[in-house]
Amino acid sequence: MEWTAVVPVKSLPDAKSRLLPDADPTRPELALAFLQDVLTALAGAAGIARVVVVTDDERIQSLVDASSASWLPEAPHVGLNPAAAFGAASLPHDAAVAIIAGDLPCLIPSAVDLVLALAGAHDRAFVSDAQGIGTTMLLDRTAATCSPAFGERSRARHVRLGYVDLGLDSSDETRRLLARARRDVDTQVDLWDARRIGVGAATRAVLLNGPAR
């Protein structure tokens, strides 16, 4: 099965508001780096045929233009779930779609392919976040039935919608790899844990060198 990844992304001035103060120039650079590492992981995943980023931010659009992905304008800006639904609705109705969070700096191609392989056994599936409360990936065999319900306590909402939480009964090795798909970053504690797991090259460069001037 080939999947299309849809990545809805906030505008950089609004992104990662709990990670660093608004005035800190590193905050938007980290948000952009997280996305770049996600796009790199998706580009290297064997099961991903296409990547679509939904955003109204020009810097993000420029980043996507320099990658193998494409973007759709989110206009007007109305939130993560409408953006995810808009991206899914742009696909053929029978396309397999994976809604992927843009703040997974630990993501690598093998983790993506593992998620896709596990999701292939279900009509609807998702990956819960590291806290077991939220959602980092939502997968539907058919884009027409995709029902994103991201946000606070989204895990419970997705379970009620019939999505299966992936990897809960898997081996230790599988859980270690899935940890890379579960580790979204919203706070300094999340970022510390992401660095412990291992972040991608773009995030590592910002953490080492600070924002580009």
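Modeller: The discussion below goes through helix contacts and then through the spaces between atoms. Please bear in mind that this is a predicted model.

Colleague: Let us begin with helix pairs. At what angle do α1 and helix α2 cross, and how close do their axes come?

Modeller: A helix pair is read from its axes, then from its residues. The axes of α1 (residues 26-44) and α2 (residues 58-65) come within 11 Å and cross at roughly 30°. Angles under 35 degrees count as roughly parallel, and α1 and α2 are therefore roughly parallel to each other. The crossing of α1 past α2 is right-handed. On the α1 side the contact is formed by E29, L32, L35, Q36 and L39, and on the α2 side by R59, I60, L63 and V64. By class, this contact of α1 with α2 comprises 6 nonpolar, 1 polar and 2 charged residues.

Colleague: How is α1 oriented relative to helix α8, parallel or antiparallel?

Modeller: One again starts from the angle. Helix α8 covers residues 201-209, and α1 packs against α8 at about 160°, with the axes 7 Å apart. Angles over 145 degrees count as roughly antiparallel, which makes α1 roughly antiparallel to α8. From α1, the residues in contact are T26, E29, L30, A33, F34, Q36 and D37; from α8, they are A201, A202, T203, V206 and L207. The contact of α1 with α8 divides into 7 nonpolar, 3 polar and 2 charged residues. E29 and Q36 belong to the α1 side of the contact with α2 and also to the α1 side of the contact with α8.

Colleague: What is the angle between α4 and α6?

Modeller: Helix α4 (residues 109-119) and helix α6 (residues 172-182) pack at about 105°, and their axes lie 9 Å apart. Since 65 to 115 degrees is the range for roughly perpendicular, α4 and α6 are therefore roughly perpendicular to each other. Here S110, A111, L114, V115 and L118 of α4 meet T174, L177, L178, R180 and A181 of α6. The classes in the contact of α4 with α6 are 7 nonpolar, 2 polar and 1 charged.

Colleague: I turn now to empty space. How does one find where it is left?

Modeller: One rolls a probe the size of a water molecule over the atoms, and this shows where empty space is left. In this model, the largest pocket holds about 860 Å³ of space. Its lining has 34 residues, and those nearest the centre of the pocket are K16, L80, D103, D184 and D186.

Colleague: Which element gives the most to the lining of the largest pocket?

Modeller: That element is α1, with 4 residues. At least two lining residues each come from α1, α3 (80-89) and β4 (96-100). The lining of the largest pocket is made up of 15 nonpolar, 9 polar and 10 charged residues.

Colleague: How many cavities of 30 Å³ or more does a search of the whole structure find?

Modeller: The search finds 2 such cavities. The second largest cavity has a volume of about 30 Å³, and its lining consists of L39, L42, A43, V51, S67, S68 and A69. Helix α1 gives the most to this lining, with 3 residues. By class, the lining of the second largest cavity has 5 nonpolar, 2 polar and no charged residues.

Terms used
Residues numbered from 1 in each chain as written. Predicted model: local features only at pLDDT ≥ 70, side-chain atom pairs only at ≥ 80, totals over all residues. Heavy atoms only, no water. 1 Å grid on protein atoms, 1.4 Å probe; cavity = no way out; pocket = protein on both sides within 12 Å on 5 of 7 lines; lining within 4 Å. Points joined across faces, edges and corners; volume = space filled by probe spheres on them. Nonpolar A, V, L, I, M, F, W, Y, C, P; charged D, E, K, R; others polar. Axes fitted to C-alpha atoms, helices over the stretch in contact; angles between N-to-C directions. Left-handed = near helix turned anticlockwise from the far one by under 90°. Contact = heavy atoms within 4.5 Å.
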